[in-house]
Number of protein chains: 2
Amino acid sequence: MSFDKLQEAIIAKKNATVAGLDPKPEYVPAHILKECYARYGETLQGAAEAIYQFNCGLMDALWDIVPAVKPQSAYYERLGWRGMEVMERTIRYAHEKGLYVIADIKRGDIGSTAEAYSDGWLGATKVGEQECPVFEADCVTLNGYMGADSVNPFLNTCKERDKSVFILVKTSNPGSGELQNVSAGEGDTVYGLMADLIEKWGAGTKGKYGYTMAGAVAGATHPDELKQIRARMPHTFLLVPGYGAQGGTAEDVQYAFQKDGHGAIVNASRSIMCAWKKTGKDGADYQEAARNAAIAMRDDIARFTTIG
Amino acid sequence: MSFDKLQEAIIAKKNATVAGLDPKPEYVPAHILKECYARYGETLQGAAEAIYQFNCGLMDALWDIVPAVKPQSAYYERLGWRGMEVMERTIRYAHEKGLYVIADIKRGDIGSTAEAYSDGWLGATKVGEQECPVFEADCVTLNGYMGADSVNPFLNTCKERDKSVFILVKTSNPGSGELQNVSAGEGDTVYGLMADLIEKWGAGTKGKYGYTMAGAVAGATHPDELKQIRARMPHTFLLVPGYGAQGGTAEDVQYAFQKDGHGAIVNASRSIMCAWKKTGKDGADYQEAARNAAIAMRDDIARFTTIG
């Protein structure tokens, strides 16, 4: 139920981190790009194939280290349908490797439109008499600005299929406070009210570790707020972006976890995908570099958080 | 510049409405479904092809009546990459018919991720030395919860390529007030603050009709709030969902317009796409039915708003 599957994968690997798969062509080593552009030209197809090969190579190097991967939809959409086809294949490959998949899509829409998104990303789409699975992620990220109408259709799919969602509370970007930190309600903030809404929306769906199906995104770059969010959302599993390239440290992200080390997962994307850029070997060693970076991140966070 | 292109199309057709292309297979007449399922099976491909034929048939019937179409990404994503391929073709076909295209994607993400979305939907994606156009919409919808960091990358593309965006302010769903109407700032609401942010983000990009590149989504189902939003956002072009099936009337939507009848466009999706369901002819007349519904909607709104 709910986030049990993810929590168990974290415990099994003693690693509460997720590798973001946000592949821009400039993150892909030259030898992969060269081969794909030679075969398909400098085209969207060529870039999509290069990204797929890169993703698979990364997952081959990381599958026994990290419990989960988080492909970011934007980097696939920017390659059009060919990118989306690679998104589908990437998720299938991740599942073959036993990885939990968080599709970072940050969708938010209402009624039958939210159902359509939920069918596509978590459930299955009815075509005539057939049930057709589509992206089949384990979890998606959502934006709750439109209220429960935009979240409930996803939670219905989560209940049917043992999936879960992360809803934006307090994001990691420098300007996140522009709306999120405005005073609202009675002595509160917009993100504080969103935190309460998420606890409410998830109510009644707790799994055996005590977390509902409605998780929350809370950035590592605001550690004081992360601490408050953790206290205020005791039944909410947290996805924490902002570690590494964006400036969040292991010391900062420790506040996302409960005392038993449960209840959160920390994302890093560029620091793993682009680790090869720091070894001076032109990307031939991108798998080893990514694996070393993932191990270093795991151990860095383990300095402050022991997973019970 | 900015929304000039859309405003001019509205004036030329004397019609401030946009036809939503949110095609679920159950909206597609049986003769189209039957042919596509016979050819491709009851598969995602079969459904995607049926939707493409339906979209083209609708646009053939509507192109000289409506200035714009608004495909909703969810209904394409739920068919996976095959749906996204049809989204690309649908946008191309709309452009062949001279229609302005609002891609209803409600994306919201930050930094290089927002750039990736913007490249994919409004701009072009660099692959090696090539600039590859992808979806090539004229306009997208956005969710501004993450602040200017999530909007500016799109506005940069808008400036380069004469495109525009609509950002959610006050949505048409029954539960939209759950966050949007909470008291915030000084005697204000969350959506009120968002309204001010959108005016700020768009500042300096006004076109000849006085509207910036940063439009706003304001639902027809809350006419009092629509009136306030119109007054508060004098430089903001409005996209108004919620007319028709969701309960908004022509009397309600009149408040979205300025005194000269400019500055807004009203969406209807199901009432046009599914108009054939009311004629008792099993969908053989779906084009005529859609055209009649679009004309009726145009004339209904013209009772209250004369486009100057």
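Me: What makes Lys106(B) and Asp104(B) a salt bridge?
Reply: A salt bridge needs a side-chain nitrogen of Lys or Arg within 4 Å of a carboxyl oxygen of Asp or Glu. The closest N and O atoms of Lys106(B) and Asp104(B) are 2.9 Å apart, so the pair passes. Keep in mind that this is a predicted model, where local features need pLDDT of at least 70 and side-chain atom pairs count only at pLDDT 80 or more, while totals for chains, interfaces and linings use all residues. Residues are numbered from 1 along each chain as its sequence is written, chains are lettered from A and ligands numbered from 1 in the order in which they are written, and side-chain values use heavy atoms, with hydrogens and water left out.

Me: Are Lys106(B) and Asp104(B) buried or exposed, and how do you know?
Reply: Buried means under 20% relative accessible area, exposed over 50%, and partly exposed in between (1.4 Å probe, protein chains only). Lys106(B) has 8% and Asp104(B) has 3%, so each counts as buried.

Me: How many residues does the interface involve, and how much area does it bury?
Reply: Contact means heavy atoms within 4.5 Å, and on that rule 71 residues of chain B touch 71 residues of chain A. Buried area is the accessible area (1.4 Å probe) that two parts lose on being put together, summed over both. Here that comes to about 5600 Å², 57% of it on carbon and sulfur atoms. Of the area that chain B buries against chain A, Arg78(B), Trp81(B) and Tyr145(B) supply 15%, more than any other three residues.

Me: Which pair links helix α13 to the loop between α3 and β2 of chain A?
Reply: That's Asp64(A) and Arg291(A), whose side chains meet in a salt bridge at 2.7 Å, N to O. Asp64(A) is in the loop between α3 (44-62) and β2 (68-71), Arg291(A) is in α13 (residues 286-302), and they are 227 residues apart. Helices (H or I, at least four residues) and strands (E, at least two) are DSSP runs, numbered from the N terminus.

Me: Why are Asp64(A) and Arg291(A) called partly exposed?
Reply: Asp64(A) has a relative accessible area of 34% and Arg291(A) has 29%, so both fall between the buried and exposed limits.

Me: Why is α9(A) called largely enclosed?
Reply: Because 11 of its 13 residues are buried. Among them are Tyr191(A), Met194(A), Glu199(A) and Trp201(A). Just after α9(A), Gly204(A) takes a positive phi of about 85 degrees.

Me: What makes the phi of Asp162(A) worth a look?
Reply: Most residues other than glycine have a negative phi. Asp162(A) is not a glycine, yet its phi is positive, about 55 degrees. Asp162(A) sits in the loop between α7 (152-161) and β7 of chain A. In chain B, Glu136(B) has a positive phi near 55 degrees, in the loop between β5 (130-133) and β6 (139-142).

Me: What does the side chain of Asn267(A) reach?
Reply: It reaches the backbone nitrogen of Gly20(A) at 3.3 Å, and a polar contact of 3.1 Å joins it to the side chain of Ser269(A). A polar contact is a pair of N or O atoms within 3.5 Å; within protein, one must be able to donate a hydrogen and the other to accept it, and residues adjacent in sequence count only if both atoms are side-chain atoms. Asn267(A) belongs to strand β12 (residues 264-268) of chain A and is buried at 7%.
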